[in-house]
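Please keep the sequence and the 3D view open while reading.

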Amino acid sequence: MTGVSSEKEATALAQATGQEDDNNPTAAQGRALSLLRDVSLLPVLVLLIVAGALMSPVFFQSSNFWGIGQYASSIALITAGEALVVMIGSMDLSLGGTYGFAPMLATWLIAPASAFGSGLNLNPYLGLVVLLLVGAAVGFVNGLLIVKAHLSAFIVTLGMLIGLAGVQDGLVNGQTISYLPTCFSYIGGNFWGPVPVSLVATAVVFVAVGLFLRYRRAGRAIYAVGGNAEAARAAGINVDRVKIGVYMAAGVLAAMGGFVEMGRDGAITASQGYNEGVIFIAFASAVIGGVSLLGGKGNMIGVATGVLVLAVVQNILDLKNVNVFWEEAVYGLVILIALVVARVIGDRETQT
């Protein structure tokens, strides 16, 4: 029985990722559609680069491109987390809260009272452990409430988002902590030559997540669960464990993104995350990057492209000194367009 179960699980995983038969026309067609989704944003990205060059002479300077990469790094990490959750057919709004709360709590524990910290003077490296554990813990609680208690993912994560933002603000009474030890600011704020350390670190994370999704059994199980949870369960996949694990991984990635953003700014503010609306940018980037709202489809190449598109848009708006309120309007429009595009792609896939 164990052998049969393992064979069924392997078949389900292979079908979910289109790896069941290289000579299968259906599988080949699925890979072609996947490749098309991956590169569909490249013409848009090229047009944006051309537009940026025409609008500002500063745009094509190398320092500006590295600046785009540095800005995109923190957004890319939280987007990777959101993408994983969407791949299982769910959503996690609380990642925007984790993005601010996890680095705030870690910094608060190590900062002196005179710098609006707790005064505990926790070792900075223990603070890093706390930051990652907070991300995992928030994801674990979300997973239990959604998967085991069968509560609405939207309501649970929205409540968690608001709650985390409130605790983050309350810890420092709305103040900013500028006391950052070297290990807290190095990745987000330093460069190796002209290259931001954050960009290199984010690229490593993306490659690792991409390889995990593609080649590890647990990674392929994410696609299987998102594509058809009941079929995955019948094939022997522990669906609940996969979902909870994804929520935890997403929380850790969001905490890492907030950590990078804190290092880039050289401080952690009470408004980081929730009040910045970062979760909406992350969600838009994931969907634009080809992650299906129906679950079961998406990869890190597409997600990275989606992040770059919005990062270039942000850079162009900054160079043109566009009012921040209009920036929010542009992002809102991008989200709406992304939802329409995702629906069109989904309909086409259903018909093939």
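Predicted model: local features only at pLDDT ≥ 70, side-chain atom pairs only at ≥ 80, totals over all residues.

A salt bridge requires a nitrogen-to-oxygen distance within 4 Å.

Asp-92 sits in the loop between helix 4 and helix 5 (95-110). Its side chain does make a polar contact of 2.5 Å, with the side chain of Ser-94. Beyond its neighbours within four places in sequence, the residues in contact with Asp-92 are Glu-82, Val-85, Asn-142, Thr-157, Tyr-247 and Ile-279.

## Nonpolar cores

The largest nonpolar core has 66 residues, and the members that touch the most others are Met-87, Leu-213 and Met-300. Helix 4 (residues 62-87) supplies the largest share of this core, with 13 residues. A separate core of 23 residues includes Val-134, Val-172, Cys-183 and Ala-255.

What does Leu-213 touch, if residues up to four places away in sequence are not counted? The list is Leu-84, Met-87, Gly-219, Arg-220, Ile-222, Tyr-223 and Met-300.

## Helix 14 and its ends

Helix 14 covers residues 300-319, and its end C-alpha atoms are 28 Å apart. This agrees with the 28 Å that its 20 residues should span at 1.5 Å a residue. Of those 20 residues, 15 are buried, and the helix is thus mostly covered.

After the helix comes Asn-321, which has a positive phi near 55°.

## Asparagines in loops

Positive phi values also occur at Asn-121, near 55°, and at Asn-173, about 50°; neither residue is a glycine. Asn-121 belongs to the loop between helix 5 and helix 6 (124-148), while Asn-173 belongs to the loop between helix 7 (153-171) and helix 8 (182-189). Asn-173 counts as exposed because its relative accessibility is 67%.

Another loop asparagine, Asn-275, lies between helix 12 (239-265) and helix 13 (278-288). Asn-275 is exposed as well, at a relative accessible area of 54%. Although 110 residues separate Asn-275 from Ala-165 in sequence, their C-alpha atoms are 8.2 Å apart.

## Salt bridges

How many salt bridges does a search of the whole structure find? The search finds four. One joins Arg-233 to Glu-230 at 2.9 Å, N to O. These two residues are three places apart in helix 11 (residues 229-234), so about one helical turn separates them. Arg-233 is partly exposed at 38%, whereas Glu-230 is exposed at 53%. Arg-233 also meets Asp-240 in a salt bridge of 3.6 Å, and Asp-240 is partly exposed at 23%.

In helix 12, Arg-264 and Glu-261 are likewise three residues apart, about one helical turn. Their closest N and O atoms are 3.3 Å apart in a salt bridge. Arg-264 is partly exposed, with 30% relative accessibility, but Glu-261 is buried at 7%. Through shared partners, salt bridges link Lys-148, Glu-230, Arg-233 and Asp-240 into one network.

Terms used
Residues numbered from 1 in each chain as written. Heavy atoms only, no water. Core = buried A, V, L, I, M, F, W, Y, C linked by side-chain atoms within 4.5 Å. Buried < 20%, exposed > 50% of the residue type's maximum accessible area, 1.4 Å probe, protein only. Helix = DSSP H or I, 4+ residues; strand = E, 2+ residues; numbered from the N terminus. Contact = heavy atoms within 4.5 Å. Polar contact = N/O pair within 3.5 Å; in protein donor to acceptor, adjacent residues only side chain to side chain. Expected span 1.5 Å × (residues − 1). Salt bridge = Lys/Arg side-chain N within 4 Å of Asp/Glu carboxyl O.
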